[in-house]
Amino acid sequence: MLFLVNIIVAGLLAGLMYALVAIGFVLIYKASGVFNFAQGAMVLLSALTFVTLNEHGLPFWLCFIITVGVLIVASVLIEFLVLRPLVNRSPDTLFMATLGLSFVIEGLAQLVLGTDVHQLDLGIPDVPLKLYGLQVSDFDLFTAAVSILLVAVLALLFGKTRVGISLRAVADNTLAAQSIGIRLPHIWRIVWSVAGVVALIAGLLWGNRQGVQFSLSLVVLKAMPVLIIGGFSSIPGAIVGGLIVGATENLADIYIGPLVHGAVSDWFAYILATAFLLIRPNGLFGEKPIQRV
Amino acid sequence: MSQHGTDVLTLDNVESVYGESVLALQGVSLTVPRGSIVALLGANGAGKSTTLKAISNLLGVSRGRVIRGDISWAGKSILGLDPARVVRQGIVQVLEGRHCFAHLTVEENLASGGFLRRPGRRELRRDADRIYDWFPRLKQKRHTRAGLLSGGEQQMVAIGRALMAKPILMLLDEPSMGLAPMIVEEIFDIIQQLNRDEGVTFLLAEQNANLVLHYADHGFVLENGRVVTSGAAETLRQSQDFMAYYFGDGGQAAIPA
Ligand SMILES: Nc1ncnc2c1ncn2[C@@H]1O[C@H](COP(=O)(O)OP(=O)(O)OP(=O)(O)O)[C@@H](O)[C@H]1O
Ligand SMILES: [Mg+2]
């Protein structure tokens, strides 16, 4: 029994990391109705920037601030060079643009920062402790705390502030938002920047566990089933979706894996997501498609 | 109504298209004097909404644009100005079909209309309270999501939200659409008061000529993207030709005295 609980807990903790990546998608999807394929590349870019600065001897806090600065500049450039020229185009066009964007970001990041695998050590032990029989590490607990904190901050930001209300207004009805003078480019820059910071946090947590390398950008493939299950437009959905994917993936590895003689965790989430697409196309928490006129 | 001052808004031969080919406006010219209520009349597809969106520069979303002519505001061209800039100059539009932010509360909807003025927290609250004075029934529903309100209440939210920007000119697209006569009257009475007491200028697009000419000072009639008739509201109302044309058989619909 404890064994089973341990598997689920480990899965849930992994799922939180999926959720962090997925939240970045949700933010941009809500504000601009775009599935931003480049979110994975943002995770790579941010982690790579951070780790490179850190290797040059800068303290963590300074690396963090500079990386956030880089992400804000990137958001401003993306808005100006990609989003603005494509304004009023179909979501498909924008999706293709973000697909291209992800290659550009990955290429530039590796060109400037190199293709080496970097070790990232946030200084939090990742050694399983026995806690009432549960196998969790300090790092697991840290991840959980950071995720909760991040969600609380986002909830506050979008619930109460003017920027948050404006963002939700744009997500709700873009034309009406424009009619009362909300500037879309301004909102996009902010949302992409916030999504960038979320990507940075996800990148640091993932990078700490598996090193900072190109494969980091592939977390986008993990976020996809999470989003399908949770719904593209809901932050709580991203979290619940992440947890579901993490837990079932781990269970599937233990109970189905031996039957098929191999790891199933790489693709099991997609089976699950496909089932969801058939049963509940908007995901668990997804709003009906945002109306756009 | 000649006691009004200078014209604030002027459209000069405005032509506009959707996509590459649909010519929606074929040379619309009109003026809106400061402090007046001007009606923009016309049947379905005449070009009323297109005219209003051309003024607010909101045609882009539906792939439309102005291809000829000019739109000027207080003597300066505002053609092609960013929509947010147009609002900042004092022109706010209430879109056809209301377009409240359905997932936002009434209070958030109203607040969002004030953001561009960057008021302080207290000032924003005070401005919202003034809107509740105009529309008391919104006050009890301030924490309700706008999507759950009745059509009439949504229209009030949309007007209130636009008022939060403290506009000089308000463009209202079919405020009576789909509403019960009682509510329509309530809304038009408020429009009239806003015009009289606060000096807000209105350009009102309506299909319901009878109704709007009762409140308006002046009217322009659109047909196929052209102004075919215009004149003082009183004159238009009494013009047999116009009423006959407009209502098919002799303008039988009763006009409230
Ligand atoms: N998004 C669009 N794409 C293509 N054509 C459009 C679009 N919107 C309007 N039109 C066309 O432009 C013309 C004017 O339409 P408009 O919406 O301005 O009329 P309206 O007077 O507001 O009508 P209604 O009373 O039905 O609201 C019509 O012929 C219409 O078919
Ligand atoms: Mg219309």
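The magnesium ion, ligand 2, is coordinated by OG of Ser49(B) and OE of Glu96(B), at 1.9 to 2.0 Å. Donors here are N, O and S atoms within 2.8 Å of the metal (3.2 Å for Na, K and Ca), and water is not among the atoms, so sites may look incomplete. The two residues come from distant parts of the chain, 47 residues apart: Ser49(B) is in helix 1 of chain B, residues 48-56, and Glu96(B) is in the loop between strand 6 (91-94) and helix 3. Helices (H or I, at least four residues) and strands (E, at least two) are DSSP runs numbered from the N terminus. Glu96(B) has a relative accessible area of 29% and is therefore partly exposed; buried means under 20%, exposed over 50%, and partly exposed in between, with a 1.4 Å probe and protein chains only.

A word on conventions. This is a predicted model, in which local features need pLDDT of at least 70 and side-chain atom pairs count only at pLDDT 80 or more, while totals for chains, interfaces and linings use all residues. Residues are numbered from 1 along each chain as its sequence is written, chains are lettered from A and ligands numbered from 1 in the order in which they are written, and side-chain values use heavy atoms, with hydrogens and water left out.

I turn to the aromatic residues. The whole structure holds nine aromatic pairs over all chains. Rings of Phe, Tyr and Trp (its six-membered ring) pair if their centres lie within 6.5 Å; planes under 30 degrees apart count as stacked, over 60 as edge-to-face and the rest as tilted. Tyr18(A) and Trp206(A) are stacked, at 5.7 Å centre to centre and 20° between the planes. This pair joins helix 1 (residues 2-32) to helix 8 (residues 184-210) of chain A, across 188 residues, and both partners are buried.

Tyr29(A) and Phe232(A) form a tilted pair, with 5.6 Å between centres and 45° between planes. Tyr29(A) lies in helix 1 of chain A, and Phe232(A), 203 residues apart from it, in the loop between helix 9 (219-230) and helix 10 (235-255). Tyr29(A) has 26% relative accessibility and so counts as partly exposed.

Finally, helix 6 of chain A, residues 162-172, is mostly covered, with nine of its 11 residues buried. Among the buried residues are Leu167(A), Arg168(A) and Asp172(A). Their cover includes helix 3 (106-114) of chain B, where contact means heavy atoms within 4.5 Å.
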